[in-house]
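The sequence and structure come first.

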Amino acid sequence: MAIEVNDGNFEDVVIKSDKPVIVDFWAEWCGPCRMIAPIVEDISKEYEGKVVVAKCDVDSSPQTTVKYGIRNIPTVLFFKEGKIADKQVGAVPKNNFINKLNPLL
Amino acid sequence: MTVCVFAASSSRVNSGYGAAAAGLGSLLAKAGIDVVFGGGGIGLMKKLADAVLENGGRITGVIPSFMKEEGWGHHGVNETITTRDMSERKRRMFEMADAIIALPGGMGTLEELTEAITLKQLSLFDGPIIILNTLGYYNSLLDFIDHMIDNNFLRAEHKGIWEVVSTPEEVLTALSRKDRGNEEWRKIAKI
């Protein structure tokens with residue numbers, strides 16, 4: 001299961017994590033976000049224990065959304081040691097995410 | 001290209017609506033665009049279908065069996081697909097359509113139009129949705145949509161899902177437009 005993150009816990013869950021973290025910025029009304037939601041869930045299962053998979057609802061986390069300059073969703077940010085290591089915007093096939101995630105392990 | 005046209009079954013409406021439905025049917029036929037519609041032999045549906053056929057076009061009716069049994073179907077169309085019920089009718093029409101055009105109509109037309117918009121909002125349909133606002137028929141609906149946006153029940157960006165035009169000629173222009181941003185609607189939403 002992906003962890004829900006927001007303005008309150010983003011620092012603790014994402015920035016301070018000792019594992020790579022991917023954060024899926026999404027919103028309930030966003031069709032393309034629904035298309036990648038199952039992919040994000042799959043990744044959270046397949047990489048359990050190796051990667052932290054988080055979801056951030058842009059409508060309820062305005063500070064984080066502005067801080068990371070999220071203008072289009074879905075945007076998936078890849079964090080390593082608290083810093084952005086990669087980024088994927090839009091509904092794309094699962095392999096695009098895997099190819100960006102594997103080098104961070 | 002196949003377009004799905006939703007339109008009234010009522011025949012009691014102002015003749016201006018019928019003229020626009022016929023005008024659209026004629027233009028679609030001449031442009032070589034195939035038409036799918038609700039299969040009715042009454043109202044604006046009949047005006048549309050007759051004009052398509054008179055101008056050598058191709059039109060397929062999708063009609064639930066109970067309506068066919070009632071004798072509401074159009075008998076001259078190139079093909080009739082009979083469905084079990086109203087839901088299957090809509091699903092079949094959406095599956096066949098590259099674009100949706102809504103003419104003036106009653107509750108049936110309204111729910112078909114709003115389902116098309118909802119499907120596109122959810123990325124389950126990605127073609128153009130064109131509202132033919134003959135004689136300003138849909139003005140109060142468009143005002144209500146603004147009211148939805150003003151009250152945050154709908155996002156202003158979603159107004160880009162459909163296009164409103166006033167004449168059948170403008171429908172053809174809207175259909176031929178390349179930069180519809182369909183790809184973007186499917187893959188990205190702006191916040």
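In which sense do strand S2 (residues 21-26) and strand S3 (residues 52-57) of chain A pair, and over how many bridges? In this predicted model, the two strands pair in the parallel sense, over six bridges. Within this pairing, A:Ile22 has A:Val53 in S3(A) as its bridge partner.

**Chain A**

Both strands belong to an open sheet of five strands in chain A, in the order S1-S3-S2-S5-S6, with mixed pairing. The edges are strand S1 (3-5) and strand S6 (83-89) of chain A; each has a single partner strand, so one side of each is left without a neighbour in the sheet. From one strand to the next, the twist averages 25 degrees.

Two helices of chain A lie across strands of this sheet. Helix H2 (residues 31-46) of chain A lies across S2 and S3. Helix H4 (residues 94-101) of chain A lies across S2, strand S5 (75-80) and S6.

**Chain B**

Chain B has an open sheet of seven strands with parallel pairing, in the order S4-S3-S2-S1-S5-S6-S7. Strand S4 (79-83) and strand S7 (162-165) of chain B are at its edges, and since each has a single partner strand, one side of each is left without a neighbour in the sheet. The twist in this sheet averages 25 degrees from one strand to the next.

Inside the chain B sheet, strand S2 (residues 34-37) and strand S3 (residues 59-64) run parallel and are joined by three bridges. Here B:Phe37 stands opposite B:Gly61 in S3(B). Helix H4 (residues 86-96) of chain B lies across strand S1 (2-6), S2, S3 and S4 of chain B.

| Helix | Strand | Angle |
|---|---|---|
| H2(A), residues 31-46 | S3(A) | about 155 degrees |
| H4(A), residues 94-101 | S6(A) | about 165 degrees |
| H4(B), residues 86-96 | S3(B) | about 155 degrees |

**Where the chains meet**

The contact between the chains takes 16 residues from chain A and 10 residues from chain B. On the side of chain A that touches chain B, H2 and strand S4 (72-73) of chain A each supply at least two residues. H2(A) gives the largest share of that side, five residues. By residue class, the side of chain A that touches chain B has 11 nonpolar, three polar and two charged residues.

Strand pairing also links the two chains: two bridges join S4(A) to strand S8 (residues 189-190) of chain B, and these strands run antiparallel. In this pairing A:Ile73 stands opposite B:Ala189 in S8(B).

Terms used: Residues numbered from 1 in each chain as written. Chains lettered and ligands numbered in written order. Predicted model: local features only at pLDDT ≥ 70, side-chain atom pairs only at ≥ 80, totals over all residues. Pairing = 2+ DSSP bridges. Helix = DSSP H or I, 4+ residues; strand = E, 2+ residues; numbered from the N terminus. Axes fitted to C-alpha atoms, helices over the stretch in contact; angles between N-to-C directions. Contact = placed C-beta atoms within 7 Å. Nonpolar A, V, L, I, M, F, W, Y, C, P; charged D, E, K, R; others polar.
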